[in-house]
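Please look first at the sequence and the model below, and then follow the description that takes the elements in turn.

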Amino acid sequence: MGRALLGGAAAARSPRDSALRVHRFSTPPALGRPRAALIIRAHFSEAAALFRLAHVSDLHATRVRFSGAREWNAKRALGWISWQTRRRHRYRPEIAARLIDDLVASAPDHVAVTGDLTHMGLAAEAAEATGWLARLGPPERVTLVPGNHDAQGAARDHEVMDAWRPYLNSDAASGAGPSFPSVRVRGPIALVGVSSAVPTPVHLATGRAGDAQLARVAQLLSELGARGLCRIVLVHHPPTRAHVSWRRRLEDGDALCAIVARAGAELVLHGHTHRATRDAIASPGGAIPVLGVPATSSAAASRPGAYQVFEIEERGRGRFAITRELHEIDLARSIVRARPREVL
Ligand SMILES: [Fe+2]
């Protein structure tokens, strides 16, 4: 199960490669059909049917540096004390780097990032975090929604958001505006990005989507569902209540859950819990999985840094088989381990 971080073995583990190997070795020459043709057909059907989506969240991999007095406020003053005494030991950039190297080597089709790249949403952190995004991939292959730690400035549309705009924007062809929700379509997948990042008072880490954004989410999910796409909602705060306290909740989470249940979705991915949480939203079409992931840089033994990969197979129009595999850092051995694949 263990795998060396820098061994370059991940490419050989690609499911497309392994599928090809199976077809090559299991194709009996006695069938009398051109062997090369069978291999090519296997390659194209696999490429069309299987989509690999990686999910990371809560990188918290930046150094806290203030650019001037205007960046200070009460929440950031307490945050700075917390970072000096606790957070800079708990969240280690080298752990995020190892996991991201592993993720990139496995060549997913797309990467979803559900916020909290920074500790305090400072301009210097935003610039540093742009480097982490580039390390994950180009903007057309990486989709981002912000987290509460990224929105500790005075306004919702903080300069942090501007620095990351290429990763936040909707597809140009979608007709969506520059604000949230965002929508990106990649193959059979439609990513609907919801921003829950709003400035909050000291001691609160809540989020809010807002009525206008929620109304547009309902419309988008219906439209994308009618196109037979696999709808994946990305939001920093979990919309369900099972894994967050009152002071860390999504204030309009019930409304988002009701919309997802009514309009339909195939997955909801979030961060904020810093754990590989699993919950569900009941809907007329069945339970819709709601899944969290540990913080990428976490050095905590109880919830070490991790990312997760979803394999999404189209089984007919609007029908998908989805599995999840968690890739977790082994802090003692400096290797990344894959947990057993989970069918959703
Ligand atoms: Fe976080």
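This is a predicted model: local features need pLDDT of at least 70, side-chain atom pairs count only at pLDDT 80 or more; totals for chains, interfaces and linings use all residues.

Residues are numbered from 1 along each chain as its sequence is written.

The protein chain has 9 helices and 14 strands, where helices (H or I, at least four residues) and strands (E, at least two) are DSSP runs numbered from the N terminus. Of its 344 residues, 41% are buried, a term used when 20 or more other C-beta atoms, placed from the backbone, lie within 10 Å of a residue's own. Among the contacts with a separation of 6 or more, 69% are between residues 24 or more positions apart; two residues are in contact if their C-beta atoms, placed from the backbone, lie within 7 Å.

An open sheet of 6 strands, with mixed pairing, has the order 5-6-7-8-10-9, and two strands count as paired if DSSP finds at least two bridges between them. Its edge strands are strand 5 (182-186) and strand 9, each of which pairs on one side only, and the twist averages 20° from one strand to the next. Within this sheet, strand 7 (residues 230-235) and strand 8 (residues 267-269) run parallel and are joined by 3 bridges, with Val233 opposite Val268 in strand 8. Strand 9 (residues 278-281) pairs with strand 10 (residues 288-291) in the antiparallel sense over 4 bridges, and Ile281 stands opposite Ile288 in strand 10. These two strands form a hairpin with 6 residues between them, and Gly286 in the turn has a positive phi of about 115°.

Helix 9 lies across strand 7, strand 8, strand 9 and strand 10, running at about 65° to strand 9; here axes are lines fitted to C-alpha atoms, for helices over the stretch in contact, and angles run from 0 to 180 degrees between N-to-C directions. The axes of helix 8 (residues 211-226) and helix 9 (residues 253-263) come within 9 Å and cross at roughly 20°. Helix 8 and helix 9 are therefore roughly parallel to each other, the term for angles under 35 degrees. In their contact, residues including Leu214, Val217 and Leu221 in helix 8 meet residues including Leu256, Ile259 and Val260 in helix 9, and the contact residues divide into 9 nonpolar, 2 polar and no charged.

Notes. A residue is buried if 20 or more other C-beta atoms lie within 10 Å of its own, exposed if 12 or fewer, and partly exposed in between; C-beta atoms are placed from the backbone. Angles under 35 degrees count as roughly parallel, over 145 as roughly antiparallel, 65 to 115 as roughly perpendicular and the rest as oblique. Ala, Val, Leu, Ile, Met, Phe, Trp, Tyr, Cys and Pro count as nonpolar, Asp, Glu, Lys and Arg as charged, and the others, Gly among them, as polar.
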